[in-house]
Amino acid sequence: MKILKFGGKSLANGKGIKTAIQIIKDKAQQEGNIAVVLSARGNATDELLEMLEKAARKETYHEQLTAFKAYQSQTDRSLDFSEEFTTLENLFQGVSLLGDYSEKIKDQVASQGEIISAKLVTNLLKKEGVNAHYTDTRKLIKTDDVFGNARPLDVISRRNVINHFKSYNGTTVNIVTGFIGSNQNNETTTLGRNGSNYTAALLANFLDAEELQNYTHVDGIFTANPDLVADARKIAELSFNEANELATFGAHILHAKTIVPLIEKNIPLRILNTFNSSDNGTVITQKTNTKGIKSISVLDTVALINLEGRGLLGRVGVDARIFRTLGENEINVSIISQGSSERGIGLVIDADKASKAIVSLEKEFENDFYTKDVNKISVIDDVAVISIVGQDLSEFHKPYNALIKNQIVPILFNNTVSGKNVSLVVKKSQLHKAINVIHGQIFGISKKINIAVFGKGLVGGTLLDQIVHSKTAILDKNNIKLNVFAIADSQHVYLDKNGIADDWKFEFQQQKTAYTLQQIIDYAKAHHLENLIAVDTTASKDFIHDYISLVKNGFDLVSANKIANTVEYSFYQELRTQLQKYQKNYLYETNVGAGLPLIDTIKLLHKSGEKIKKIRGVFSGSLSYLFNTYSVEDIPFSMVLKQAEEKGFTEPDAREDLSGNDVARKLLILARELDLKHELSDITIQNLLPAHLQAINLQLFKKSITDLDQTYTLIKANQKEHHVLRYVGDLSTETGILEVKLISVPSNSALGQIKGSDSIFEIYTEAYAAQPLVIQGAGAGAAVTARGVFGDILRLTEKL
Ligand SMILES: NC(=O)C1=CN([C@@H]2O[C@H](COP(=O)(O)OP(=O)(O)OC[C@H]3O[C@@H](n4cnc5c(N)ncnc54)[C@H](OP(=O)(O)O)[C@@H]3O)[C@@H](O)[C@H]2O)C=CC1
Ligand SMILES: N[C@@H](CC=O)C(=O)O
């Protein structure tokens, strides 16, 4: 025999009830011996209890009752529910007069949902030619007198069920009310939370069923709640032990008490979806072959009680008093945590019992407060428990580190001694993010990196295109999901938590809104976005002042913008202090040499103790292009400058390059990497701009660039033969010289031979004394720079 159980949503009017009837009919035909246990239909139980509450508050419930009756009668108008409806009317009326109700009355009200449900399904099946028989479990399942959460009396209930099924055997399909029973006085009782599943499990046990098939509205048990974790996967097989852990920690389909009768007789439980016949669901058996972590579950209706006291150390019986007090008040403790110092104990209980727990514990420890042995009993109620069932402690560092990196510090941490289960208590506001971070880590499902790009100009725009085009390959190859959720320019932002696509430029125009940084931070918080990276592809002097806010709010930083590293040293230092405090990273490889691996190389040499004596070379890609081209071609300097701008080599304002400032910044960045605490003002800079072009606005400068031609024609004319112009940077740690200047070098020298927009860096160290370490290549351009920024993002993803 197989037991089928249908939940409320599977029995709702329309598609639900039709599909359920078809499934029962097919199973009866194909498999013969089945029994069907039913919950109340749709939201019947909730509605009935809501009306009961209204009646008790002397509010009107009549309209809701009329709607309830209409809904329940809608599918089969030939059925007469007047007995059930009259019972409800009488009960509500009585409660309304009294202004109160007992658990006994509540059970009578709630039971009508299952009765109506089973009567309806029996009738519908009969109409379909199935030999269905309505079975009222109040006649079979006998219980104790605990209304609302009655415990079945095993011997008598077992005998009743077996005898009933003996009389209605073979071709009869018993349609059984779930959830309800009766006590020895034949008064209606209910079996508490998950009662219908419990009824089904009891029947399976009493009747030695082959399998219990639980029809729900989901495909089975998932690695996490799919409503919270988009990447959650269905689990095909689970063991009873694992199911039991899940049941305890919030998997709503399961409940510990419903599993026990199945374990006793080794009866498989299959969770199926009424609405998806092609899915095999999840099967729970004594043993599974699959190893490892099974699922993450959540309890979010909990509170954390914390009892603290210096006088608790070594005192015998304190814990016993706590548990006795809670036990006497029917308060169940799901998690306990006590430090070896015994100065405090944390307990997780149901949220609705928190006030009762505090009051009873305060009473119990009244004298201890007086003697100051206990100084605080507090409750934190905005918490949730995340349980990782199947998690071995030896591998727990990965999800734990990922939580910390995402600024989620668990309030309490607990593991089981036998079996594999780790539970964490986190703030409820961090639950969504926490569960996604943990899920991504332990299931090796793609790690989602949420990126905000500030600046969508030449470099930022190219970067965004590169990300959009490479993200599928990166997902396939590295299991990393790059999700750009924000693109901002100086005025507007375009936000999409699901990430941008190819048409981001169009979407930016369509959806852009004015913004403040706080809005972007709030957006990331509101959507529980984890692994946050802020990318600065602006040239802004202002935006750098937002870096620390970003760091404090959980963002790692990547920047092409050189400003943060070249303003006053105190800011440079403060930023690093905050980065360390919040355990965040800041990568800026493109600050010097665009996509060339220069900063990393310098850092590595310096960290390894190698003394760097000198760095010199052509630091600027745009000035390199300018002088390479101007030295060999017979065109005005202003025309070459225009070309450099068009090719994306220059700074947004080319005077940053021509003034020598950009090269000086690069020199300063390298100096600071070597722990030299210089300021920009310490650098001797040769400015290539005539004075009158320095102070005017950008527009006017662009109109006046031909003013540069006369000066450079003269410089070129005065060159020695076979010489070329090069704008170089020179940093000597030995002499303390930091200077950037225009020089004339032989065209066959190393500096003289560079081409196009190449930069060249000669690094002289103790080991590289005679022959410097040389790094050379394109030192400017949107594509190489964006690729360098992309490289920094990917490097960061490994740290997240
Ligand atoms: N070109 C190259 O070879 C290299 C460039 N870099 C650096 O890359 C950076 C970007 O250069 P590039 O792309 O040419 O510059 P662009 O001028 O083309 O783009 C700058 C972008 O930043 C935006 N922006 C300005 N201020 C803010 C702000 N406060 N908040 C958000 N966005 C802002 C601008 O928006 P709006 O349009 O509204 O003003 C624009 O979208 C510069 O710092 C440069 O030094 C580094 C290495 C090499
Ligand atoms: N304008 C800069 C771009 C890179 O930083 C340069 O030319 O080097």
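Me: Which element gives the largest share of the shell around ligand 1?
Reply: That's H15, with 3 residues. Helices here are DSSP runs of H or I with at least four residues, strands are E runs of at least two, and both are numbered from the N terminus. A residue counts as near a molecule if its C-beta atom, placed from the backbone, lies within 6 Å of it.

Me: Before I go on, what kind of model is it, and how are things numbered?
Reply: It's a predicted model, where local features need pLDDT of at least 70, side-chain atom pairs count only at pLDDT 80 or more, and totals for chains, interfaces and linings use all residues. Residues are numbered from 1 along each chain as its sequence is written, while chains are lettered from A and ligands numbered from 1 in the order in which they are written.

Me: OK, how many residues surround ligand 1, and which are the closest?
Reply: 31 residues, and the closest are Gly-455, Gly-457, Asp-489, Ser-490 and Pro-652. Helix H15 (458–478) and helix H28 (782–799) are the elements that give two or more residues to that shell.

Me: What's the split by class around ligand 1?
Reply: 12 nonpolar, 14 polar and 5 charged. Nonpolar means Ala, Val, Leu, Ile, Met, Phe, Trp, Tyr, Cys and Pro, charged means Asp, Glu, Lys and Arg, and the others, Gly among them, are polar.

Me: Where does ligand 1 lie relative to the domains?
Reply: Between domain 3 (447–591 + 790–799) and domain 4 (598–778), because both give residues to its shell. The domain bounds come from an automatic or database domain assignment.

Me: And what surrounds ligand 2?
Reply: Ala-594, Ser-620, Gly-621, Ser-622, Phe-649, Thr-650, Glu-651, Asp-657, Asp-662, Gly-779 and Ala-780. By class that's 3 nonpolar, 5 polar and 3 charged.

Me: What about the backbone at Ala-594?
Reply: Ala-594 has a positive phi of about 50 degrees, though it is not a glycine. It sits in the loop between strand S23 (586–587) and helix H20 (598–607).

Me: Is Ala-594 buried or exposed?
Reply: Buried, because it has 27 C-beta neighbours inside 10 Å. The cut-offs are 20 or more other C-beta atoms within 10 Å of its own for buried, 12 or fewer for exposed, and partly exposed in between, with C-beta atoms placed from the backbone.

Me: And which phi does His-528 have?
Reply: A positive one of about 55 degrees, and His-528 is not a glycine either. His-528 is in the loop between helix H17 (517–526) and strand S21 (532–536). With 19 C-beta neighbours inside 10 Å, His-528 counts as partly exposed.
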